[in-house]
Amino acid sequence: MLKIFICEDDESQLEAITKVIKNVIMIEEYNMEIVLSTVNPYDVLEYLEQGNNTAGAYFLDVDLNKDINGIELAEKIRDYDPRGFIVIITALKDSVPLVFVHKIEPLDFIHKSDFFNIRSKLEDSIKKINDRYIKNSALNFKALPIKTGGLTILVEFEKIISVETVKGYVEHTLALQAINERITFSGSLTEIQEKLDKRFVRPSQSYILNAQYIESFASETKEIIMKNGCRFSVPVRKVAETRKLLSNFL
């Protein structure tokens, strides 16, 4: 879960920003949680110093009325969370020196001077953060992102046994069989295959298998037998090709 930090010295603005972000997370069902909403930048640093953070998004006002400003706070955050998502909130469009921008690599800027668009800007930033968080998680942890029931979940490659088309459902319905769960969702096997790595094979147009869970290939019945007991039929015309394909794994 992505942790959200909000630091704004004006309490009324802090409350408004927090409310917008909380509502977006709830409505969109993002895998995020606001863990800290504060007027004090040192609350953020104290939280990070305790080693509580694994992945974070930070919404920081520039002028915090403390001995450090939002840009300096962002620099310190980078020491604890080098890959965190930082959104700078500022009252003046020219208030952020370019040198600081390069150091902290903010994901976005939100200008308070554009008051009526602040809500939509926050919503856009959260969506952008969510998209990048999912993408980065999938790359770093070798996981497949799946959209189901309004949520995007990540299933580790290591836990995926098979992905197959489901008959009797609406078109483009797939079922992913993992070690401890079965997930039904809408999608394309071709698109799924493009997101997986070389351990996954596709002997048929109707399913993809994780080769590490293949027990054997029964030529007489033209079936691939998985370690969980599931069997997948191989088209006659693909028996020789499948035998050759699986020889690298069996």
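## Terms and basis of the model

Two strands are said to pair if DSSP finds at least two bridges between them. Helices (H or I, at least four residues) and strands (E, at least two) are DSSP runs, numbered from the N terminus. The structure is a predicted model, in which local features need pLDDT of at least 70 and side-chain atom pairs count only at pLDDT 80 or more, while totals for chains, interfaces and linings use all residues. Residues are numbered from 1 along each chain as its sequence is written, and side-chain values use heavy atoms, with hydrogens and water left out.

## The parallel sheet

Strands of a sheet pair through backbone hydrogen bonds, either parallel or antiparallel.

Lys 3 belongs to strand S1 (residues 2-7), and its bridge partner in S3 is Gly 56.

Lys 3 is buried yet has no salt bridge. Here, buried means under 20% relative accessible area, exposed over 50%, and partly exposed in between (1.4 Å probe, protein chains only). A salt bridge requires a side-chain nitrogen of Lys or Arg within 4 Å of a carboxyl oxygen of Asp or Glu. For Lys 3, the nearest side chain of opposite charge is Glu 33, at 7.0 Å; Lys and Arg count as positive and Asp and Glu as negative, whereas His and the chain ends are not counted. The side chain of Lys 3 does make a polar contact with the side chain of Tyr 47, at 3.4 Å. A polar contact is a pair of N or O atoms within 3.5 Å; within protein, one must be able to donate a hydrogen and the other to accept it, and residues adjacent in sequence count only if both atoms are side-chain atoms.

A nonpolar core is a set of buried Ala, Val, Leu, Ile, Met, Phe, Trp, Tyr and Cys residues joined through side-chain atoms within 4.5 Å. This core has 24 residues, and those that touch the most other members include Leu 2, Ile 4 and Phe 59. The largest share, 6 residues, comes from H1.

## Loops with positive phi

Two residues other than glycine take a positive phi in loops. Glu 29, in the loop between H1 and strand S2 (32-38), has a phi near 55°. Its relative accessibility is 39%, so Glu 29 counts as partly exposed. Asn 65 has a positive phi of about 55° and lies in the loop between S3 and helix H3 (70-80). Asn 65 counts as exposed because its relative accessibility is 57%.

## The hairpin of S6 and S7

Strand S6 (residues 143-148) and strand S7 (residues 151-156) run antiparallel and are joined by 6 bridges. Thr 148 stands opposite Leu 151 in S7. The hairpin has 2 residues between the strands, and Gly 149 takes a positive phi near 60° there.

## The antiparallel sheet

A further open sheet has 5 strands in the order S10-S9-S8-S12-S11, with antiparallel pairing. Its edge strands, S10 (182-186) and S11 (200-204), each pair on one side only. Neighbouring strands are turned by 20° against each other on average, direction ignored. Strand S8 (residues 160-165) is joined to strand S9 (residues 173-178) by 5 bridges, and Ser 162 has Gln 177 as its bridge partner in S9.

S11 and S12 form a hairpin with 2 residues between them. They run antiparallel, with 3 bridges joining S11 to strand S12 (residues 207-210); the partner of Phe 200 in S12 is Asn 210. Since 5 of the 5 residues of S11 are buried, S11 is largely enclosed by the rest of the structure.

Arg 199 is found in the loop between helix H6 (189-195) and S11. At 19% relative accessibility, Arg 199 counts as buried. Arg 199 and Glu 158 are 41 residues apart in sequence, and their C-alpha atoms are 9.6 Å apart in space.

How values were computed. Axes are lines fitted to C-alpha atoms, for helices over the stretch in contact, and angles run from 0 to 180 degrees between N-to-C directions.
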